[in-house]
Amino acid sequence: MQIVVVSDVHGNDYALWQVLEAESAQHVFCLGDGVREYETVADSNLDRIFHIVAGNCDWAGGYPTVGIESLGGKRIVFMHGHTKHVKQTLEPALALAREMEADVLLFGHTHCFHAQKDGAVLACNPGSLGFNGTYAVLSWNDDGGDVTVEKKGV
């Protein structure tokens, strides 16, 4: 299983198009601050599944601030992170991930790439696609095993 993770597009839909041209993963996790761009790109990429949450700069769309998905034997909690104050500490977001029995926590908001295993939870922030041009690709075997994170850029 492989997923693409993007966050904080902030109007740079060109960068999002570049990611989708470069990556073949069917699932794209969009972690907020770019809902308008995510929707536009998703409408033209019907062969992919977009998992979208709202960020602090997203005022329309009616998306939740936290989502949860089970894919390829892994439970993924994803959020922008502003409601869990990830700029100050990851602990509230990690506590929610543990409570939801997640294997992976995806978050944005800080604009800085981050990948760290904290106990049983892998926490990953892809950085800001709009400002830094970074995103992440996560991979794992469907029959279990560790999740690997690759930082990529456009």
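Visitor: What should I know before reading the values?

Guide: The model is predicted, so local features need pLDDT of at least 70 and side-chain atom pairs count only at pLDDT 80 or more, while totals for chains, interfaces and linings use all residues. Residues are numbered from 1 along each chain as its sequence is written, and side-chain values use heavy atoms, with hydrogens and water left out.

Visitor: What makes lysine 152 and glutamate 23 a salt bridge?

Guide: A salt bridge is a side-chain nitrogen of Lys or Arg within 4 Å of a carboxyl oxygen of Asp or Glu. The closest N and O atoms of lysine 152 and glutamate 23 are 2.9 Å apart, so the pair meets that definition. Lysine 152 lies in strand E10 and glutamate 23 in the loop between helix H1 and strand E2, so the pair ties together parts that are 129 residues apart in sequence. Helices (H or I, at least four residues) and strands (E, at least two) are DSSP runs, numbered from the N terminus.

Visitor: Why is glutamate 23 called buried?

Guide: Buried means under 20% relative accessible area, exposed over 50%, and partly exposed in between (1.4 Å probe, protein chains only). Glutamate 23 has 8% relative accessibility, so it counts as buried. Lysine 152, at 23%, counts as partly exposed.

Visitor: How many salt bridges does a search of the whole structure find?

Guide: The search finds three. Glutamate 91 and arginine 98 form one of them, at 2.9 Å from N to O. Aspartate 118 also bonds to arginine 98 in a salt bridge, with the closest N and O atoms 2.6 Å apart. Salt bridges that share partners join Glu91, Arg98 and Asp118 into one network.

Visitor: Why does threonine 134 count as buried?

Guide: Its relative accessibility is 11%, and therefore threonine 134 counts as buried. Threonine 134 lies in strand E9. Leaving aside neighbours within four places in sequence, threonine 134 is in contact (heavy atoms within 4.5 Å) with residues including Pro126, Lys151 and Lys152.

Visitor: Which residues are closest to the centre of the largest pocket?

Guide: About 210 Å³ of space lies in that pocket. Of the 13 residues lining the largest pocket, Val35, Arg36, Cys57, Asp58 and Trp59 are the closest to its centre. A pocket is an open set of points on a 1 Å grid where a 1.4 Å probe fits, with protein on both sides within 12 Å along at least five of seven lines; lining residues have an atom within 4 Å of a point.

Technical notes: Grid points are joined across faces, edges and corners, and a volume is the space filled by probe spheres set on the points.
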